[in-house]
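Hi,

Here is the structure I promised to pass on. My notes follow below it.

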Amino acid sequence: MLRIDIISVLPKLIKSPFNASIIKRAIEKKIVEIHFHDLKDYASNKRKQVDDYQFGGGSGMVLMIEPIKNCIDLLKKDRVYKEIIYMTPDAKILNQKIANKLSIGGNLIILCGHYKGVDQRVRDKIITMEISIGDYVLSGGELPAAVLCDSIIRLIPGVLGDETSALSDSFQDGMIAPPVYTRPENFDNMSVPKILMSGNKGKIENWREEKAIERTKKIRPNFFD
Ligand code: ADE
């Protein structure tokens with residue numbers, strides 16, 4: 001079973017995506033185990049302080065190394081982790097290849113950033129991998145951590161049924177998926193491509209491939225580089 005430990009100053013913010021649909025079912029089926037840790041519980045001083053002003057001056061608080069190290073050391077005492085991931089916008093951007101790799105790699109710790117960021121010594125000495133979910137800045141790493149977990153968990157065998165197989169997703173084969181249609185066949189003078197109603201599996205497969213290439217050229221021309 002894959003175990004993911006998420007460390008955050010706002011664990012409340014991240015819990016709800018794990019309580020619905022596919023991810024919830026994966027947890028219930030005991031395919032994945034998610035544990036949330038409130039960084040404040042690992043603070044060393046009485047005030048439960050987890051952040052402080054940055055040395056050298058400047059606006060914004062910085063997450064301190066000590067509570068983070070306390071929490072991660074405790075987790076590492078009980079099991080082995082494949083990666084200790086820090087969610088931050090100034091990192092390599094998440095893609096399907098990274099999600100695939102993390103879905104088969106082993107237990108993960110995910111640290112959510114906040115405020116101005118985290119003491120650089122955490123990034124230098126404790127973190128083994130840094131991930132951004134895109135070139136924009138969010139208020140914290142909680143939503144990015146939920147995005148990362150979803151992208152990983154849905155790939156684990158047994159999480160998705162055949163009917164929603166992850167193999168046919170966009171990006172999985174370096175292509176954007178072809179368009180899909182369902183009933184009704186005609187709606188407001190818009191009809192479904194005839195070929196999909198033909199029952200000819202070979203022709204339908206060829207059509208889907210053509211459309212996938214067409215869409216990829218238009219939306220992600222760099223995939224052909
Ligand atoms: N924290 C704030 N913004 C982020 C982003 N774009 N990706 C990952 N973590 C973040």
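**The ligand and its surroundings**

S5 gives the largest share of the shell around the ligand, three residues; strands here are DSSP runs (E, at least two residues) and helices likewise (H or I, at least four), numbered from the N terminus. Please keep in mind that this is a predicted model, where local features need pLDDT of at least 70 and side-chain atom pairs pLDDT 80 or more, while totals for chains, interfaces and linings use all residues. Residues are numbered from 1 along each chain as its sequence is written, and side-chain values use heavy atoms, without hydrogens and water.

The shell (a heavy atom within 4 Å of the ligand) includes Met87, Thr88, Pro89, Ile131, Ser132 and Tyr136. Taken alone, the ligand exposes 260 Å², of which the protein buries 96% (Shrake-Rupley method, 1.4 Å probe).

**The sheet**

Five strands make an open, parallel sheet in the order S2-S1-S6-S5-S7; two strands pair if DSSP finds at least two bridges between them. S2 (32-38) and S7 (129-132) are at the edges with a single partner strand each, so one side of each has no neighbour in the sheet. S5 (residues 83-93) and S6 (residues 108-112) are joined by five bridges, and Glu83 has Leu108 as its bridge partner in S6.

Happy to talk it over!

Best wishes
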